Amino acid sequence: EKLGKVEKFFLEIQKIPKIERRLQSTLTMQQAPDRLTALHETVTSFIKCMDDCLTSPAFKHVLSVVLAVGNAINAGTGRGEAYGFQISSLERLKDTKTSNQGQQ
C-alpha cells in the first residue's frame, strides 16, 4: 500500500467503534465550560433585571396606573375593582382600543 499518513490515519480511525458519537461527546465536554459561563451571565443579567423591576418606584407606579385603568374600563362588571392582575395580561394592553375613532 502506498497510502500517505493522512489516508492511513483515516483508515485507522474508521475502525474505532462509534467514533462519531465519541468525537461529539468530546467536543461537547470541551464546549461545556464556555456554555456554562454564558448561561451564568444570562441568568445573572435576568436576576438583576428582575431585581431592578421589583425595586423600581417608577415600575410600581406604571403597574398601579395599569390596574387603575383596567378597573375603570371594567367598572360595573365582575372584573372591575380588582386588587391586582397577572403580569402575563400586560401583553393584552397593546390590543386595547379607545372608544374614540381614529385614536389608540
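Select the charged side chains first. The chain has 14 positive and 11 negative ones, with Lys and Arg counted as positive, Asp and Glu as negative, and His and the chain ends left out. The centres of the two sets lie 6 Å apart; each charge is placed at NZ of Lys, CZ of Arg, CG of Asp or CD of Glu.

This is a predicted model, where local features need pLDDT of at least 70, side-chain atom pairs count only at pLDDT 80 or more, and totals for chains, interfaces and linings use all residues. Residues are numbered from 1 along each chain as its sequence is written, and side-chain values use heavy atoms, without hydrogens and water.

Now switch to a cartoon view. The chain has three helices and zero strands, in the order α-α-α from the N terminus. Both are DSSP runs: helices are H or I with at least four residues, strands E with at least two.

Zoom out. The C-alpha trace spans about 90 × 35 × 25 Å along its principal axes. The chain has a radius of gyration of 29 Å, while a compact globule of 104 residues would have one near 13 Å. The radius is taken over C-alpha atoms, and the globule rule is 2.2 Å times the number of residues to the power 0.38.

Colour by accessibility next. Buried residues make up 4% of the 104 residues (buried is under 20% relative accessible area, exposed over 50%, partly exposed in between, with a 1.4 Å probe and protein chains only).

Last stop: select Phe-9. Phe-9 is partly exposed, at 46% relative accessibility.
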